[in-house]
Structure formats: C-alpha cells, structure tokens
Amino acid sequence: MSLRFVVLAGLVALVAGCAVAAGGAPRMTVSDYYAFCSALPTPGACLSDPICLRYGKELSSPPADLTGCLAMCRETYNALYVDNLMNGCADTLERAWDLCDQFCRRHDKP
C-alpha cells in the first residue's frame, strides 16, 4: 500500500467524520466525483483518468433511483475489471467504484 493512498484514506476518513458530525455528507456532484477520483500520475503508476472519466460519463446522467444507480456503478466496475486488473490499476478501479457508490447515495441530497 502506498503512502499516498494511506494519507488519502486518512483525509477521507477525517472529512467524512466531520460531515457526519454536521448532519450527514453533503451532496456530491460529478465534478466532486472526478476531483476525488483523479490522482496525479507518478512514474510507473496507474493513470486514473480513463477510469474516472468513464465513471464520470456514467454519472452525468445516473438512474433516478438508488438501486439503479448502484447497479450502474457495479456494471461499470465489471466492464473495466479485467483490463485494469492486468495493468496495475485495480486499486484505482476500487476507489472509483467506492466513490460511485458514495455519489449515488449523496447526489440527490439537498
């Protein structure tokens, strides 16, 4: 596990804890999704843009209901799984899928 991933996970946990204390997580937009998903490339690292942009495209017009939105996240994950398992992007894909789940649960909040 890379240090950058550990630091990012710690920051997400801190922000999530603050949001819950303030009455729940705020609404998530597609721009928010991309900002959380995208990572600066480093030598030999996975390029997050192809994965994050694909999810962003799907999330730009998500299904209206939570079940449909979560199913769309799973279908996108399944479609990208094999290629990204073989190219070293499995962690990025997992993060993108998790963020998609969060988007679905938060996108229609006031």
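**First stop: a ring in the middle helices**

Select Tyr55, which counts as buried because its relative accessibility is 0%; buried means under 20% relative accessible area, exposed over 50%, and partly exposed in between, with a 1.4 Å probe and protein chains only. This is a predicted model, in which local features need pLDDT of at least 70 and side-chain atom pairs count only at pLDDT 80 or more, while totals for chains, interfaces and linings use all residues. Residues are numbered from 1 along each chain as its sequence is written, and side-chain values use heavy atoms, with hydrogens and water left out.

Rings of Phe, Tyr and Trp (its six-membered ring) pair if their centres lie within 6.5 Å; planes under 30 degrees apart count as stacked, over 60 as edge-to-face and the rest as tilted. By this rule there are three aromatic pairs. Tyr33 and Tyr55 form a tilted one, with 6.2 Å from centre to centre and 40° between the planes. This pair links distant parts of the chain: Tyr33 belongs to helix α2 (residues 30–37) and Tyr55 to helix α3, 22 residues apart. Helices (H or I, at least four residues) and strands (E, at least two) are DSSP runs, numbered from the N terminus.

**Step back: the chain as a whole**

Show the whole chain as a cartoon. What pattern does the protein chain follow along the sequence? The pattern is α-α-α-α-α, with five helices and zero strands. Of the 110 residues, 26% are buried.

Next, colour by pLDDT, the predictor's confidence in each residue, from 0 to 100. The chain averages 81, and 75% of the residues score at least 70. Where is confidence lowest, and where is it highest? Confidence is lowest in helix α1 (residues 3–21), with a mean of 53, and highest in α3, at 94. Where pLDDT is low, the predicted coordinates should not be read in detail.

Select Cys52, in helix α3. Cys52 is buried, with a relative accessible area of 0%. Contact means heavy atoms within 4.5 Å. Leaving aside neighbours within four places in sequence, Cys52 is in contact with Tyr33, Tyr34, Cys37 and Ser38. Its C-alpha atom is 9.4 Å from that of Ala39, 13 residues away along the chain.

Move to Ser31, in helix α2. Is Ser31 buried or exposed? Ser31 counts as exposed, because its relative accessibility is 57%. Ser31 and Gly56 are 25 residues apart in sequence, with 8.1 Å between their C-alpha atoms.

**Helix α4**

Select residues 66–86, which make up helix α4. This helix has 21 residues and reaches 31 Å from its first C-alpha to its last, close to the 30 Å expected at 1.5 Å a residue. The expected span is 1.5 Å times one less than the number of residues.

Look along the helix for a kink of about 45°, centred on Leu80. The bend at a residue is the angle between axes fitted to the seven residues ending there and the seven starting there. Leu80 is also one of the buried residues of α4, among them Cys69, Met72 and Cys73. What covers these buried residues includes α3 (49–59) and α5 (90–106).

Show the rings of Tyr77, Tyr81 and Trp97, which ring pairs link into a cluster. After α4, find Gly88, whose phi is positive, near 85°.

**Helix α5**

Select α5, which has 17 residues and reaches 24 Å from first C-alpha to last, close to the 24 Å expected at 1.5 Å a residue. Its buried residues include Leu93, Ala96, Leu99 and Phe103.

Pick out Thr92 in this helix. Thr92 counts as buried because its relative accessibility is 9%. Apart from neighbours within four places in sequence, Thr92 is in contact with Cys46, Ser48 and Ile51.

End at Asp101, also found in helix α5. Asp101 counts as partly exposed, because its relative accessibility is 23%. Not counting residues up to four places away in sequence, Asp101 touches Leu70 and Cys73. Asp101 and Leu70 are 31 residues apart in sequence and 6.0 Å apart in space, C-alpha to C-alpha.
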